[in-house]
Amino acid sequence: MQKHLLPWTHTIFGDDEWTFQQDGAPGHKAYAVQDFLRRNCPDFISVDPHWQNPIGEWPPNSSDLNPLDYCIWGILKEKACSKPHPNVESLKKAWKEISLKTLIKAVDDFPKRLKACIDANGGHFE
């Protein structure tokens, strides 16, 4: 994150505020990772590091809020699994076939999904 995330965010956002959002994947929950993000990100949505330590802000069962989870991975899976790929470069082409318009729509759906999550008190929603 120090080597790639922070330089990238500086290039993209400059001095503008931005928020780091992650999901509850085990590697993201590590105290060291969350401490790093708190120290280095202007805004950070934390996750519960353990079910017995519910200190996070991110709803524990809401992958529905991450654009990659609620939209992009399904599209990529459909493209990537439609044919065999002889190498990684061939598989990367499947990612490049996802249009910018599709990516923008997925991100633009975020406020609606956030509201649905709030209405469901952080639980599952359709």
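E17 sits in the loop that joins α1 (5-13) to β1 (19-20). This is a predicted model, where local features need pLDDT of at least 70 and side-chain atom pairs pLDDT 80 or more, while totals for chains, interfaces and linings use all residues. Residues are numbered from 1 along each chain as its sequence is written, and side-chain values use heavy atoms, without hydrogens and water.

E17 counts as exposed because its relative accessibility is 66%; exposed means over 50% relative accessible area, buried under 20%, and partly exposed in between, with a 1.4 Å probe and protein chains only. E17 also belongs to a negative surface patch, together with D15, D16, D43 and E57. Patch residues have over 30% relative accessible area and no salt bridge, and like charges are joined within 9 Å.

Next, D48. Its place is the loop between β2 (43-44) and α4 (67-80). What does the side chain of D48 reach at 2.6 Å? The backbone nitrogen of G56. The backbone nitrogen of I55 is 3.2 Å from a polar atom of the D48 side chain.

Finally, the whole chain. The protein chain has seven helices and two strands, taken as DSSP runs (H or I, at least four residues, for helices; E, at least two, for strands). Of its 126 residues, 29% count as buried.

Key: A polar contact is a pair of N or O atoms within 3.5 Å; within protein, one must be able to donate a hydrogen and the other to accept it, and residues adjacent in sequence count only if both atoms are side-chain atoms. Patches are made of residues with over 30% relative accessible area and no salt bridge: like charges are joined within 9 Å, nonpolar side chains (Val, Leu, Ile, Met, Phe, Trp, Tyr) within 5 Å. Accessible areas come from the Shrake-Rupley method with a 1.4 Å probe; for residues, only the protein chains shown count as cover. A salt bridge is a side-chain nitrogen of Lys or Arg within 4 Å of a carboxyl oxygen of Asp or Glu. Lys and Arg count as positive and Asp and Glu as negative; His and the chain ends are not counted. The place of a charge is taken as NZ of Lys, CZ of Arg, CG of Asp or CD of Glu.
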